[in-house]
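Look over the sequence and the structure before reading on.

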Amino acid sequence: MSLQFKVDISAIREQIGQTLEQTALIKLPEYNRVEFPDAWRVHTRINHTYDGYFVTGQAEGSFTATCDRCLEPYTDSLIVEFNEVFVSNKDLSKNYEVVGENEDIHYFSGDEIDLTETLRDSVLLALPMKNLCAMECKGLCAQCGVNLNNTTCDCENVYPDPRLAKLGELFNLTANEDKGGGSDGQPKE
């Protein structure tokens, strides 16, 4: 399913200073194993200004992902805000002198502003970088694989990483023997 979110601005196109507000329910497609089970509520406000169309908006909804620690699915919600400036190619040719492309301005033609990319980018940037069902999630046991949030296991908690064995030996020496060092770098006697 592809995301489409366009707003018809023909009602405010002819008069600078006009405002158009709209609320819509938008179904978002799955992204990188994150699902959006319910439609998101998206509220937009478009102001027709001398510089183009200033779009502000807020999107809110839920998403379902898999916890990176315990591998269990969980659901959470987000509220995302966005704002962008759009300039009509028609208005650009009549009223504006713009040299080159400006990355902060989006250009459009016709009577519709396409907010698809704005909405998608805002939601994706707001998703957590690390999916956690809870900040206190204990994850899985590295030895037996049991979910430590639901049960405990009899595995030893202390198991050395073979790559760090020499470093562990060094720490055991200094912890057991308090020889310390003098100001000259030689051991104390």
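Leu71 is exposed, because its relative accessible area is 54% and over 50% counts as exposed. The model is a predicted one. Leu71 sits in the loop between E4 and strand E5 (73-88). Its backbone deserves a look: phi of Leu71 is near 65°, a positive value in a residue other than glycine.

Arg33 also has a positive phi, near 65°, and is not a glycine. Arg33 belongs to the loop between strand E2 (19-26) and strand E3 (40-49). With 63% relative accessibility, Arg33 counts as exposed.

| Residue | Relative accessibility | Class |
|---|---|---|
| Arg33 | 63% | exposed |
| Leu71 | 54% | exposed |
| Leu170 | 48% | partly exposed |
| Asp114 | 37% | partly exposed |
| Ser62 | 15% | buried |

**Surface patches**

Which residues form the negative surface patch? They are Asp8, Glu112, Asp114 and Glu117. Asp114 lies in strand E7, residues 112-114. Asp114 has 37% relative accessibility, so this residue counts as partly exposed.

A nonpolar surface patch covers about 400 Å². Its members are Leu164, Leu167, Leu170 and Phe171. Leu170 is part of helix H3, residues 165-176. Leu170 reaches 48% relative accessibility and therefore counts as partly exposed. In an α-helix, residues three or four places apart point the same way, because there are 3.6 residues a turn.

**Buried positions**

Is Ser62 buried or exposed? Ser62 is buried, because its relative accessibility is 15% and buried means under 20%. Ser62 is located in strand E4, residues 52-66. What does Ser62 touch, apart from neighbours within four places in sequence? Its contacts are Phe36, Pro37, Asp38, Trp40, Thr75, Asp76 and Ser77.

Helix H2 spans residues 116-126. Its buried residues include Thr116, Thr118, Leu119, Ser122 and Val123. What covers the buried residues of H2? The cover includes strands E2, E3, E4, E5 and E7.

Definitions and conventions. Residues are numbered from 1 along each chain as its sequence is written. This is a predicted model: local features need pLDDT of at least 70, side-chain atom pairs count only at pLDDT 80 or more; totals for chains, interfaces and linings use all residues. Side-chain values use heavy atoms; hydrogens and water are left out. Patches are made of residues with over 30% relative accessible area and no salt bridge: like charges are joined within 9 Å, nonpolar side chains (Val, Leu, Ile, Met, Phe, Trp, Tyr) within 5 Å. Accessible areas come from the Shrake-Rupley method with a 1.4 Å probe; for residues, only the protein chains shown count as cover. A salt bridge is a side-chain nitrogen of Lys or Arg within 4 Å of a carboxyl oxygen of Asp or Glu. Lys and Arg count as positive and Asp and Glu as negative; His and the chain ends are not counted. The place of a charge is taken as NZ of Lys, CZ of Arg, CG of Asp or CD of Glu. Helices (H or I, at least four residues) and strands (E, at least two) are DSSP runs, numbered from the N terminus. Buried means under 20% relative accessible area, exposed over 50%, partly exposed in between (1.4 Å probe, protein chains only). Contact means heavy atoms within 4.5 Å.
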